[in-house]
Amino acid sequence: MPRAHRLHTSAICLVVSILLIHFSLAQTSTEAEGPTQSRNILVTVNDENDVAVPSALVYLQASSQAVALRCVTDFAGHCEFSSLSAATYQLRIEKLGFYSVMLPTIEIGAVANVDVTLSHQQEVREVVNVVESPPAIDPAQVPDQEQLTSVDIVNLPYPTTRDYRNALNFVPGIVNDIFGQPHIAGSETYQILTLLDGFNVTQPATGELVMRVSADSLRSLDVEPSRYSAEYGKGSGGVLNLNTGIGDDHFRYSGTNFIPSVQNKKGLTFDKVAPRFTFSGPIRRGKMWFFDAPDGEYDHLVIPELPNGADSDRLWRFGNLAKVQTNLAARDIFTASLNINHLHDDHAGLSPLTTVAATPSDIESAYIASVKNQHYFQGGELLETGVAFVQYGLEITPAGTLPYFVTPDNTRGNYYLFADTRARRWQGLANLYLPPKKWHGQHEVKMGIDTDRLIYHADFQRMPISFLREDQTLSRYSVFFGGGNSSTYNLEVSGYIQDRWLATNRLLIEPGLRFDWDQIIRSPLLSPRLAGTYVLDSQGNTKLSAGAGIVYDATNLLLVARPSAGQRLDDFFDASGTQVGSVLTTFSANTRTLQEPRYLNWSLGLEQKLPGSIYLKAEFLQKNGAHGPVYNTVNGRFGGNFVLQNTREDRYHSFQINLRRAFRHRYTVFGSYTRSSSRSNQVLDFNVDSPILSPQATGPYPWDAPNRFLSWGLVPFFKLPIIHEFDLAYSLEARSGFPFNVTNDLQQLVEPPGTRRFPSYFALNLFVEKRFHAFGRYWALRGGFENITDHANPAVVNADINSPQFLTFSAFQGRAFTTRIRLLGKK
């Protein structure tokens, strides 16, 4: 029997089995349970706005018991304890990112229902005796998940805190490349599924993470590199889920970095201001709430090396996230949101090596709108429906039409590229949660569908480029053809079913199946997945996790549309000016022969609570990818016609170990070490703007970092008289240097890709913070140094083997003193 047929047959059997189990549960569970137990308790956990809190840890303990009973709330926030003895119990509920709740006396009668409200952590606590939920081993968490809570994001001293994407670099398993794009578990950025409050906000064409939202608006930042649910597809790299806040019955506000700074470059001048604010509260108490998070930025960049009058760049940006949530009825929760962003940079890329005239203006925009409704049926089902619209725009405009020159020392003339692109996505989704049923344990079945319409419009116009040698003789002359208006479309349809089977109090198994189809590939794809956890002891201090699954990537519209981006003709000249050769670069893609990239991901995990309330986590992950999309030359040599094929094979493996210790009053210390490898048999990315004249080759990806150590934390200073009640915040990254490629004057590879690397990277960011009360408000003032050791961390290297400056590193990220002021509101 063919392998594909066997896969489809086994997948169909899995779906049928799950459905048969669920629809037979009611009758079977009734027969198995027999008479109703005499004593039980049903705990219902909601947040401040009466929204169910799933995956909350609930502990129930009688005074005569040495070990507390434990359960985890389901999608409806329910957790039930059965067969209890008549006694007085203590009830405790915890979830990371919330304040814990303890009810010291619960009298168990024949039947008891307890409703509990968990409140999200806030910067300023309204009640002085509330306690943050500590980190804990969650027996119901099957995915390998790393999380930064809102408190972590605020406390973590990462560079340029106005951009949450910089905080991602301090999440184990994520590496940000030199352009600031994140890579989860060695993947390309476009292989990551990025969600904002449950909706896909990945750039529809490029797959990049360009969506901006105020860092102060985030409640949590969740990353799942492996063992994620069948609900999530279209991303072999993993899932990045950004969850934003909403108001409650208290009016709150905060502000950050609203005071401008100055700089002393060619005299004392304005530097920058990057304010961000949050406002939230009730529109109608107990019924409707709002949340608004505007943020902006104005930068005045001065380059002392450039001549007066042509030495500065001005950039401004504005963004705003607005949300409204209302409980339409006792069973309906409606949420609407709008996130807008606009950026304007007068001279993008201005530097000592790039003059004002050689820079283009850069205008970027983003609009994200969504509505979602949750309806609870009387029978216990939950139906979640939603619609979202996403649009990203980019406009690159040169300063004029002068010829563009590139030399080993600088660029001059006017930038060669005009670009105007628009990428849109319309998304509709529906998820149905069925009520838990008993059959050889407890089953929670979830199923859903997702439909996406993607549109990519692009218009490119390019002028010739002259490449000069050190002696200013012409070495290469490039002209471009085509690249006018073009449009690329795709329609994606997905569905899934997932069973959450709690076989015993310690064993949890999650089988699932996903279906995907799109208009370009037109092949039905089935992705079976299986994962589970097992708790080794009754206290829940040791947990084992394992899982495997097939994951497909979404079709990359940018690769499919590359033939429409234009062609390139390069003429090469020797030092005397004699032409020595020409290379015509073209691109073609036959969508009828394409396949979806397919990955087999599997992982093993161990979590252990160590003495001193230190939590250890160890993970091993391996990903094997096939049918990856890549452009290859027809004849296997450099240049010529590049054809889009499914011949790329990726290999990634990693071993990661984390240690975390949380203290009272927000204090935390975290450390992580990762040993990994991210390689491909065809690692080169050919495109019309930066062609590499070489056949495809094996090597590491540009963000490969075999050894990486991360640590960050917030700890109290020693209580000395002068620095009493000051906090010390730090973050540290030490890793292997990124690989780079060595070429000659003709842009030909002269060494295998990634043979050489940048120097090892090391950066210690150290800050001191003081929280205080003044003018009837709470404030937090922070000051310190990024890269306090002034370690030489270059971002640029001269990789031209024919250049006298070959292997010269530049663009060092030196020591920098920065400050931050936050208005936290009032009690």
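These are my notebook entries on a predicted model.

**Ground rules**

I number residues from 1 along each chain as its sequence is written.

**Entry 1: overall form**

I looked up the secondary structure first. The protein has four helices and 51 strands. Both are DSSP runs, numbered from the N terminus: H or I of at least four residues for helices, E of at least two for strands.

Next I checked the radius of gyration, taken over C-alpha atoms. The protein has 28 Å, which agrees with the value near 28 Å for a compact globule of 827 residues. The globule rule is 2.2 Å times the number of residues to the power 0.38. Along the principal axes, the C-alpha trace spans about 100 × 80 × 45 Å.

I find 53% of the 827 residues buried. Buried means under 20% relative accessible area, exposed over 50%, and partly exposed in between (1.4 Å probe, protein chains only).

I then took contacts between residues at least 6 apart in sequence; 66% of them join residues at least 24 apart. A contact means heavy atoms within 4.5 Å.

The accessible surface comes to about 35,300 Å², and 59% of it belongs to carbon and sulfur atoms. The areas come from the Shrake-Rupley method with a 1.4 Å probe; for residues, only the protein chains shown count as cover.

The mean positions of the 73 positive and 79 negative charges are 3 Å apart. Lys and Arg count as positive, Asp and Glu as negative; His and the chain ends are not counted. I place each charge at NZ of Lys, CZ of Arg, CG of Asp or CD of Glu.

**Entry 2: the sheet around β2**

I traced an open sheet of five strands in the order β3-β2-β5-β6-β8, with antiparallel pairing. β3 and β8 (131-132) stand at the edges with a single partner strand each, so one side of each is left without a neighbour in the sheet. Two strands pair if DSSP finds at least two bridges between them.

I looked at β2 (residues 57-62) in detail. Five of its six residues are buried, so β2 is largely enclosed by the rest of the structure. Four bridges join β2 to β3 (residues 69-72). V58 stands opposite C71 there.

A62 has Y89 as its bridge partner in β5. I followed Y89 onward, and its bridge partner in β6 is I106. β5 and β6 (residues 99-107) pair over five bridges.

**Entry 3: a mixed sheet**

I found an open sheet of five strands in the order β9-β14-β15-β12-β13, with mixed pairing. Its edge strands, β9 (144-149) and β13 (199-200), each pair on one side only. β9 and β14 (residues 218-226) are antiparallel over five bridges. In β14, V223 is the bridge partner of E146.

**Entry 4: L513**

Last, I checked L513 in β33 (residues 507-518). L513 is buried, with a relative accessible area of 8%. L513 and Y496 are 17 residues apart in sequence, and their C-alpha atoms are 5.6 Å apart in space.

Notes:
This is a predicted model: local features need pLDDT of at least 70, side-chain atom pairs count only at pLDDT 80 or more; totals for chains, interfaces and linings use all residues. Side-chain values use heavy atoms; hydrogens and water are left out.
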